[in-house]
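These are my notebook entries from one sitting with a structure. I wrote down what I looked up, in the order I looked it up.

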Amino acid sequence: MTDNTFLLDGEEIPFQPGQTVIQAALAAGGYIPHLCYHPEFKPHGSCKVCTVKVNGRTAASCTLPAQAGLEVESDTDEINDLRRTLVQMLFAEGNHFCPSCEKSGNCTLQALGYDLGVMTAGFRHFFPDRPVDASHPDILLDFNRCILCELCVRASCEVDDKCVFALSGRGLGKHLVVNAESGLLADTDIALTDKAMEVCPVGVILKKRVGFAQPIGQRRYDPEPISAQALRDAPRPPAGAGHCAACEVEE
Amino acid sequence: MTRPQGDPALEPGLTLILERHLGKPHHVLQALREIQEAFQCVSPQAVGRVADALGVPLARVRGVVGFYAFLGEQTRGRYRVLFSDNITDRMLGNMELLATLCEKLWVEQGRLSEDGLVSVDTTSCTGLCDQGPAILVNGRAIPRVTPERLERIAELILAQTPMDAWPAELFAIEDNVRRRDILLNDDFQPGDALRVAVARVCVPGSEVEAAANERSWREGIPGAALCAPLSTLEEIKRSNLRGRGGAGFTTGMKWEACRNAPGKERYVVCNADEGEPGTFKDRVLLRAHADLVFEGMTVCAYAIGAHQGFLYLRGEYRFLLEPLNEILARRRAANLLGKDILGQAGFDFDIDIHLGAGAYVCGEESALIESLEGKRGVPRNRPPYPVTHGYLQKPTTVNNVETFCAAALIAKHGGDWYRAIGTAKSAGTKLLSVAGDCARPGIYEYPFGTPVRQVLEDCGAGAGKHSTLAVQISGPSGVCIDASEFERRIAFEDLPTAGAFTVFDTSRDMFEVARNYAHFFAHESCGFCTPCRVGTAMLRDTMDKIADGHGTAHDLAEIQELDKVLHMSAHCGLGHTACNPTLDTLKRFRPMYERRLKSLDFEPAFDLDGALATARRMTGRDDAGAHLEMEP
């Protein structure tokens, strides 16, 4: 084994200093299921779906700095059971009704659920009361489906330089808020061209009047599972190479 | 973005507060806390003003307001009464008192009264377990609530008496120190430890001298000037002092790692966010031994080369703020803080106090640092650790209040003196916050290695009608032990503890104890990671289901499953330990759970077999095949 490689399920993965385990793995063609990690943003490790076992201990692979000689277990029954439970928890937490959801087929949570073999929510549903925000003429916010991945928060602050979204509350009461004294999206400076409009993995941030323009059956995850597509999307070399992407950097 | 002009009624007070924090984004929490205290809420207009004045996006300020339990965008009345809801408060009848108060004030729990005057609700443990039940009224602590005292409080509220005019004896808080050892007995005078520290010299030919010479070259400071700080650090290392916040990391190693971390600016942070239900020792240390705490911080600053310190004080201890600031002022006047401390050129250090606002998770050191920076108190990803990337991403040493006290004594008396006390792996003494079913609740200081039985005898547990059933060591994130384990010892190698020591006698229902703790964790989860955010709420609901008489063996199995998920994937210790009280009590007191179970197999949310009754009637069948599998 050379200095800059680690083992992922027995396969040797090369890495560059500063990369996290998932960044190096995806770049080298090793798939680790993930949800809140997005190759264009600094990993923050909240969904925990990318959890792996390293030298006997579990850790989120998106924030775990890659180190020479690590032995990473990912595709094992134990870890996939954990991931399945985490996805089930997300389904139980929000109000997810796939058959009537316009994001069905393009939804990362749904696609992960299929890929991990989630058959039911497995837990009692919380059925939270989360009113939608339809104030904006072109954009609908349906908070019922929010999984609190913070991708829109990160995109709006880091790319759009607007900080339209932020999180408030805590525990099960954690929720998305928007940057307006009225609390309504219409009073923010969000635009359809914003990066924040693209990144929602579920059906929270929706462009109005185009919901079913793309028919069911021809959507992103209809022809092949997410595990097959994720590797194609992984940038090579990934963003963040050369510095510790897991390290907090003061803005 | 333009905003409507603020509420003119808010203006003068608000402007005054904002002026102090103008252009300082790290002051968001401090500004919000002051606004909350002045106006009993942080209105949406005030959120907008804070955002503008401090230069932080409005949504982010709103996110901070939403994170802390003591902040709110809606008013909770001119008087907000919060009943501490630790299990010890429960055992002293806090819920009955709460119901009585609600009746007197014509208000429903959790709701604002019709006239907007008052609201009554519960809050997590306020750190007054030795003199509960305790309440907070507009953030001010009132201990020992009895029906008589509550009657007076209700009258004061109904008469709309300003809080400043309430009788002072309502707010009188006792220290209740019951056993003193080296720490509480020391005849420490301000400056004692620092005078010894700055006078230390390198032993010729010692490792410290070699290190000083090497660093002198690297850091560009004369070797002799490094001898005293490095020798002080050496004493801390020699003492084998371990952190008193619970995790027990070696203090000397932490300080040394911080000193060695690259960067010029360093920070010392004292974690006084004592939120673990059942513990209150830091309250007493900060009230009766604050000089020792500040001196320990200053010793740390000297050893690691820091110039700024923070004391992060939990919001529940707001009543300590003015006395602590007075002591800081006295120390500045005595040249124990400020520039060139004790005449040592370049030994500059000062301490600011930051107040929390109701968030247990901020006791986790990286969440505490986030909160110090004015943000939501969400634990950071680690590595990097605070010793290299802490406050403002600079090297930061975070220690518990009691750790700094011990460090001051070590600086004064030396590391060898300290390591001789306690056990081989646990040097020194430990302060225990004893509460619950015992005759003499309060603070007990013991050398490490003291058996639980000794503590129980000294505090008068089991002396009454009932013997002692169990002790919760170190609060809900610690362990629950039963009578067969009372010979176990308070020490890192046996029963590590941050200090809480809660006694339960045989009249108590340990299921209800665990249920109270499950509610606590669900309430205090920061919500950052999926397993803890959802898992703690599921545990809470399952415990409630069992309490309501709908529990089954399936539910107990589900708790085991949740525990596994939380241990494997939660972001911080809160999630890792959330199921511990339930599993500990389930293991030791299983009958207390089983007698509540509806059946020992599975009970769905609705009656499946009952749903077949119509079909049985229509077909005239009642054989086993016409029934779902049932318990006999």
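**Entry 1: chain A overall.** I noted at the start that this is a predicted model. I counted elements and found 5 helices and 9 strands in chain A. Read from the N terminus, their order is β-β-α-β-β-β-α-α-β-α-β-β-β-α. I then looked up the radius of gyration of chain A, which is 18 Å; the globule rule gives 18 Å for 251 residues, so chain A is as compact as a globular protein of that length. Along the principal axes, the C-alpha atoms of chain A fill a box of roughly 55 × 40 × 35 Å.

**Entry 2: burial and contacts within chain A.** I looked up burial next: 48% of the 251 residues of chain A count as buried. I also took the contacts in chain A between residues at least 6 apart in sequence, and 68% of these join residues at least 24 apart.

**Entry 3: chain A against chain B.** How many residues of each chain are in contact with the other? I found 36 residues of chain A in contact with 39 residues of chain B. On the chain A side, the elements that give two or more residues are helix H2 (77–93), strand S7 (165–168) and strand S8 (175–178). H2(A) gives the largest share, 7 residues. I sorted the chain A side by class and got 17 nonpolar, 10 polar and 9 charged residues.

**Entry 4: a helix pair in chain B.** I moved to helix H2 (residues 28–39) and helix H4 (residues 58–67) of chain B, whose axes come within 10 Å and cross at roughly 60°. The crossing of H2(B) and H4(B) is right-handed. Which residues meet there? From H2(B) I listed Val28(B), Leu29(B) and Leu32(B), and from H4(B) Val61(B), Val64(B) and Val65(B). By class, this contact has 6 nonpolar residues, with no polar and no charged ones.

**Entry 5: a sheet in chain B.** I traced an open sheet of 6 strands in chain B, in the order S5-S11-S10-S14-S12-S13, and its pairing is mixed. Its edge strands are S5 (177–179) and S13 (479–482) of chain B, each of which pairs on one side only. From one strand to the next the twist averages 30°. I then looked at one pairing inside the sheet: strand S10 (residues 429–436) and strand S14 (residues 500–505) of chain B run parallel and are joined by 4 bridges. For Val434(B), I found the bridge partner in S14(B) to be Phe501(B).

Technical notes:
Residues numbered from 1 in each chain as written. Chains lettered and ligands numbered in written order. Predicted model: local features only at pLDDT ≥ 70, side-chain atom pairs only at ≥ 80, totals over all residues. Contact = placed C-beta atoms within 7 Å. Nonpolar A, V, L, I, M, F, W, Y, C, P; charged D, E, K, R; others polar. Axes fitted to C-alpha atoms, helices over the stretch in contact; angles between N-to-C directions. Left-handed = near helix turned anticlockwise from the far one by under 90°. Rg over C-alpha atoms; globule rule 2.2 N^0.38 Å. Buried ≥ 20, exposed ≤ 12 C-beta atoms within 10 Å, placed from the backbone. Pairing = 2+ DSSP bridges.
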